[in-house]
Amino acid sequence: MMANFLVIILIILVVIIYNNLNNKIKGLESKISDLQENTPKHITTGETKEEPGILTQEIPSFETQQRTQSSPEINPVIQEEIPTNPQKDWLSPIFTFLKQNILAVIGIFTLVLGIGYFVKYAIDKNWINETARAAIGLSIGSIIIIIGHFLRKNYTVFSSIILGGGIAILYFTTTIAFREYHLFTQNTAFIITCCITLLSIILSYLYKSEILIIFSLFGGFLAPLMISTGQSNYLFLFTYISVLNIGMLIITFLKQWKSVGGIAFFFTHLYLLYWIMEKPEIQSIYFYLINYVIFYAFALLNYSKKNILSSFDTILLVLVNFFSTLSLVYIFNTLGYEPVIIFPVVFALVNGGLLFKEYRNKSFGSAYSVFAGLTISLVTIAVVLQFKTHLITSVWAIEATLLLFIWKKTTISIFKTFFYILFPLVLIAQIITWTQYFDSKQLTAILNPVFLTSVITIVTLFFNLMLLKRLPGSNFTKNSFFENAFKIISYATIYFALLFELIYQVSEKPFAIILCLGLLLSLYYIFILLLLNKKLEMNRYTEIGLIYIFFFLTIIHVSFCASELITSILLKKITITTYAIYLLYVIPIIYIYRKLRPTLHLSKTRVFYWISAFILVVIVSCEMYHFYILGTATISTLYPLQKHFSILYLPIIWAILSSIFIYTGLKNDNPEFNKIGFTLIGITILKLYAYDVWQMDNISRIIAFILLGVILLLSSFMFQRFKNMIKNLVDKKDDSNGNQNLES
């Protein structure tokens, strides 16, 4: 029932597709007829020739159409109207092939399924025995191959699909005959599959069919799985795979079929990866080196003939070098062999030889850049491995930088795409590396594997930022979201790498010291970024965000962190010299206000004055409180002295600061400081009358009122005096201007 339903659906789909194609063909015929009618006679030929109609002409085969498209003889008038096709990406040939041959692909797949169901049905009914079943399968596959052979001249692509289907039937029949029916031994089955693979390779070479060689390649690599008995015979397997890869290398050299190298690389390294994951052996190293040479030769085929590297060749070079390095170092580490740096050094020498060749020929094109990037990357990997860094994180970080470097030198977008894919993996690997701080014991300062891995990541991030900054012809702009996001993530990664190492090294210290050093690191890190904001081409929003974070961390530092420090000092857990380290935050505060303020975007806004004034009030109030407590308090008198300072001395400090703000505003003719000063006076008076006065004793109340009154009167006097001075200056200026007018 279900089978009938699927057949009906398939017939309906075929009818719909056929109707759609027929309508498109009629539309194209009408357009061609219109173009031929509108073409002037004097442009075509001197004589008018009678040509057959479109419907009576023989429809050319697909390959004929391809040859016609590759060397067209189009009328000049028509040629002017046809726009130049943009450069297609590497997936467009695949989609084009599927669109043009989808019916053939579905048809051969359906035929194979139908034959399989028929054989199954015959088996269920006991019509044929096991030997006859295998014979039928092999016969049908051979017949389909013969049919494809006779169709090859007029229907090249279609015949290739037919041949591929026939070869697939031969593979499946051999597999079933061996695994299910046990008609022959494993060695016999392997010989048969090798013969089928050899036949398909010969046919693909004779028919010049890349489609058929892909069928052959899939069959050749899947054949060991088809006849596998579950017993691992890796030496035999990889000898076969190496021979198969050498054969494919020869075919690629003769026919320039680049897809062969990519598919062979994928299957070979999939098998090798499974081997070293299941059972690492010294023999696997030999096969890795053999296949390194084979696929390196694959990548250099085009370079050896034309002295250029295509994007595919470059990608294959990068993959071959880095996959081989990762795998071989993993095998050495697992088996306990030394030195592990031998493989990246040897691979660096190989690429360095080609780099020297380019340099000697004074050829500084994309090939020179690729070989230089590979050589430097492999040497860097050798160095980081010597310091026992984490392999995956270091190699991925270096490879991401290499991809970005190649993108810069070649401007091929595929490397940018690979960089965007690999960079998040680098971050994930780095986070996993940081988690080892929780499990590791007694790591040495700086020269430990975790931090050295972080250093490698930091160095590669710096190179990435430089490459993005100088990248010619990219779509990145100064306000690009992706560029800004990448910069922020890079800054955050560098910060956390330094922070985690610092926290780990001082983790045995009291919490107050850990908090103080962590906040100081954060403040100085942001300070350095603001100091380099022009060189880093930091945009306005990133800069403003960093300033806000800096001010917020400053408030945390002078309030919560200082409170923890003072309590620990009074409890004799730490010495008072720690407080001197705490005060180092003052240096970036003063430098930002004195030197960097004119260059910052936020300093040109009113908000900056209010934020700066708020930070200044908090710092002065907190530091005066800290000096007062450290100079007079003990742990038993801490709370009463805190309350005394808040009630008596804090209003006085605020009143003095408000007077300074008013004076600064009048002197610099800046109304914002005047507003800040009067606002602070208002808060001080409100605090004094609403709360403080009710908590004081009589003597403190008298002192507070007298001092506050004197400060307020002095502030008012200064305000009136400066106001009169400004008025006198304006009057004198008006008088001098009037006298000049009279004299003139």
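The model is predicted: local features need pLDDT of at least 70, side-chain atom pairs count only at pLDDT 80 or more, and totals for chains, interfaces and linings use all residues. Residues are numbered from 1 along each chain as its sequence is written, and side-chain values use heavy atoms, with hydrogens and water left out. The protein chain has 29 helices and zero strands. Helices (H or I, at least four residues) and strands (E, at least two) are DSSP runs, numbered from the N terminus.

**Overall build**
- The protein chain has 744 residues, and 42% of them count as buried.
- Buried means under 20% relative accessible area, exposed over 50%, and partly exposed in between (1.4 Å probe, protein chains only).
- Among contacts with a separation of 6 or more, 72% join residues 24 or more positions apart; a contact means heavy atoms within 4.5 Å.

**Confidence**
- The mean pLDDT of the protein chain is 76, with 74% of the residues at 70 or above; pLDDT is the predictor's confidence in each residue, from 0 to 100.
- Confidence is lowest in helix α4 (residues 76-81), with a mean of 38, and highest in helix α22 (residues 511-531), at 93.
- Residues 1-16 have pLDDT below 50, and this stretch has two contacts beyond near neighbours in sequence.
- Residues 472-479 also stay under 50. The model gives them 14 contacts beyond four places in sequence.
- Where pLDDT is low, the predicted coordinates should not be read in detail.

**Helix α25**
- Helix α25 spans residues 586-596, and its Pro-588, Ile-589, Ile-592 and Leu-596 are buried.
- These residues cover an arc of only 105° around the axis, so they sit on the same side of α25. The arc is that of the directions from the helix axis to the C-beta atoms.
- Exposed Arg-594 and Lys-595 are on the face turned away from the buried side of α25.
- The cover over the buried residues of α25 includes α22, α23 (540-570) and α26 (606-632).

**Cavities**
- The structure holds four cavities of 30 Å³ or more.
- A cavity is a set of points, on a 1 Å grid over the protein atoms alone, where a 1.4 Å probe fits but cannot get out; lining residues have an atom within 4 Å of a point.
- The largest cavity has about 80 Å³ of space, and its lining includes Phe-298, Asn-302 and Asp-313.
- Helices α11 (258-278), α13 (301-306) and α14 (311-335) each give two or more residues to that lining. The largest share, three residues, comes from α14.

Technical notes: On a 1 Å grid over the protein atoms alone, a cavity is a set of points where a 1.4 Å probe fits but cannot get out, and a pocket is an open set with protein on both sides within 12 Å along at least five of seven lines; lining residues have an atom within 4 Å of a point. Grid points are joined across faces, edges and corners, and a volume is the space filled by probe spheres set on the points.
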